[in-house]
Amino acid sequence: MKRKILRGLKVSEFIHPKELEKKEAALSNPKVQEYLSTATNLCKTAVDPVTQGTFVKINEMSDPNLIRIVREVCEILDVSPVPDVYICHLMYINISPYSSDKPYLVIPDYVLRYSDEDMLYYNLGNAVTMIKADHVELTTLAAYMPGGGAMEVIKLPFTAYLHCADSTSDRGGLLACQSFAASVRNHFWELGIPPAESKKMFITDQEAEIFVKKYLAEQEKVLNRYNGIATKVARQWQRMSYLEAPANNMLRELFNWYLDKNGYRAIMAAYD
């Protein structure tokens, strides 16, 4: 598949409209600053030993095809320099960028085993966008923020920012792979449907669009039918307090941006 090189692409062209507002609100909160400071100390203690002890650095000699794809994703999204790449043995479906000094990518071997190439472009594009959009430092610290009890309430402004940042990264993933079908298959994997199975459901972008539209409509019907007030409040609290937004919500946001005349298609048309 030939992909467009989006030379000169700026984050402002596809950023979630509320990301910067939520980021400012979170970082200006004294309590969030306090917990981020604690997370920074924990991160400095843990990140380098974990990287050196459990991750294997990859280069052109050890995996030339993977390095080629990483470089192409960086070229498509206009990101430089190309980050270092590490592999870890982990049953996890997302590629993650980390930073202690400069950003680098950590790829679970589980992803490489079960993703096809188009899905890998999306997953890498998502992670590289986090570097491009300057998410990495804060998302790395998020893993080390203290939690539980009243702290969850204090973290709400920060999680609101993280959800917007995740949406921006999803958009970058779609711009990198330039296949809505592959993007959706990554999201369905997070929902528990293995890539081999989702490929039986749809292959083209048009098929994926029809499938997702029906899926989201049915999901909405089920939620409205069985969710009482208490359940709806609990679901909203879950969405607000978890570091990652619910997978169905992220799929819906990406689908809406894909359909938006000023969204994905407008950017792709601008680079014709």
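**Reading the terms in a predicted model**

Guide: The protein has 14 helices and four strands. The model is predicted. Buried residues make up 46% of its 272 residues.

Visitor: Why is Arg3 called buried?

Guide: Its relative accessible area is 11%. Buried means under 20%. So Arg3 counts as buried.

Visitor: What makes Arg3 and Asp118 a salt bridge?

Guide: The closest N and O atoms are 2.5 Å apart. The cut-off is 4 Å, from a side-chain nitrogen of Lys or Arg to a carboxyl oxygen of Asp or Glu. The pair therefore qualifies. Arg3 lies in the segment before helix H1 and Asp118 in helix H5, 115 residues apart, so distant parts of the chain are linked.

Visitor: Why is Asp118 called partly exposed?

Guide: Asp118 has 27% relative accessibility. Buried requires under 20% and exposed over 50%, with partly exposed in between. The value of 27% therefore makes Asp118 partly exposed.

Visitor: What makes Asp116 and Arg185 a salt bridge?

Guide: Their closest N and O atoms are 2.4 Å apart. The limit is 4 Å, so the pair counts. Asp116 sits in the loop between helix H4 and H5, while Arg185 is in helix H9, 69 residues away in the chain.

Visitor: Is Arg185 called buried or exposed, and why?

Guide: Buried, because its relative accessibility is 6% and the threshold is under 20%.

Visitor: How many salt bridges does a search of the whole structure find?

Guide: It finds 14. Another of them joins Asp84 and Lys57, with the closest N and O atoms 3.4 Å apart. That pair links strand E2, which holds Asp84, to strand E1, which holds Lys57, across 27 residues. Lys57, Asp84 and Lys102 are linked in a network of salt bridges.

Visitor: Why are Asp84 and Lys57 called partly exposed?

Guide: Asp84 has a relative accessible area of 25%. Lys57 has 48%.

Visitor: What makes E2 and E4 a pair, and in which sense?

Guide: They share five bridges, in the parallel sense. At least two are needed, so they count as paired. E4 covers residues 103–108. Asp84 stands opposite Tyr104 in E4.

Visitor: What makes E2 mostly covered?

Guide: Four of the five residues in E2 (residues 84–88) are buried. Buried here again means under 20% relative accessible area.

Visitor: How do you know that the span of helix H13 agrees with its length?

Guide: H13 has 13 residues, 247–259. The expected span is 1.5 Å times one less than the number of residues. That should give 18 Å, and the end C-alpha atoms are 18 Å apart, so the two agree. The buried residues of H13 include Met250, Leu254, Phe255 and Trp257.

Visitor: Among contacts between residues at least 6 apart in sequence, what share joins residues at least 24 apart?

Guide: The share is 73%.

Conventions
Residues are numbered from 1 along each chain as its sequence is written. This is a predicted model: local features need pLDDT of at least 70, side-chain atom pairs count only at pLDDT 80 or more; totals for chains, interfaces and linings use all residues. Side-chain values use heavy atoms; hydrogens and water are left out. Buried means under 20% relative accessible area, exposed over 50%, partly exposed in between (1.4 Å probe, protein chains only). Contact means heavy atoms within 4.5 Å.
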